[in-house]
Amino acid sequence: MARLGVLLFLVQIVLAVCALISCLSAEEGQIRALPRIAWVLIILFFPLIGSIAWFLAGREPSAGTRTAGPASNGRTGRQRPRPLAPDDDPEFLRSMQDRAQQQDQELFHRWEEDLRRREDDLRRRDSDPPREGDRPEV
C-alpha cells in the first residue's frame, strides 16, 4: 500500500511540474480565464486539482488540435499564430516556387544565348572559304 501512495505522489508531482512548465511557457494570448500568476499559484497550492484545471480550462487548445479554417478562431476573434515551420507556411512555399521558376527562366535564357553563339560560330566557319592550310592532305 505504501508503494501505491509513493507512486501516486510521484504522479501528482510530475503532473504539477508539467502544468507549471506549460503555464510558464505559454504565450500571453494562450492563457484563458485567469492571469498567469493566478494559474501558477493554483498549481503550486493545489497540485493535483490545479494541474488538471490548467490543462482543461487554463490554456487554449494546441495548434495541432485545431481544424483548418479561416485565419481567426470564432471564440476570441484573435489571429491564429503563423505556422511554426517554413514548410507549413503557404506564403513561404509560394515564394520558393516563384524563386525556382525565376532561376529556371534565367538558366533557360543563358542556354539559349549559348546555343545562338555556338550556331553563329558554326555559320561563320562554314561561310569562310577553306584555306590551303585547312585542307586535309590526300
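I began with the α1–α2 contact: A16, A19, L20, C23, L24 and S25 in α1 meet R36, W39, V40, I43 and L44 in α2. Contact here means heavy atoms within 4.5 Å. By class I get nine nonpolar, one polar and one charged residues. Ala, Val, Leu, Ile, Met, Phe, Trp, Tyr, Cys and Pro count as nonpolar, Asp, Glu, Lys and Arg as charged, and the others, Gly among them, as polar.

I note that this is a predicted model, where local features need pLDDT of at least 70, side-chain atom pairs count only at pLDDT 80 or more, and totals for chains, interfaces and linings use all residues. Residues are numbered from 1 along each chain as its sequence is written, and side-chain values use heavy atoms, with hydrogens and water left out.

Next, the overall build. I find four helices and zero strands. Helices (H or I, at least four residues) and strands (E, at least two) are DSSP runs, numbered from the N terminus.

Then I turned to α2. Which residues of α2 are buried? They are W39, V40 and I43. Buried means under 20% relative accessible area, exposed over 50%, partly exposed in between (1.4 Å probe, protein chains only). Seen down the axis of α2, these buried residues fall within an arc of 100°, so they line one face of the helix. The arc is taken from the directions from the helix axis to the C-beta atoms. I checked the other side of α2 and found I37 and F45 exposed. The cover over the buried residues of α2 includes α1 and α3 (47–58).

Last, I looked up burial for the whole protein: 12% of its 138 residues count as buried.
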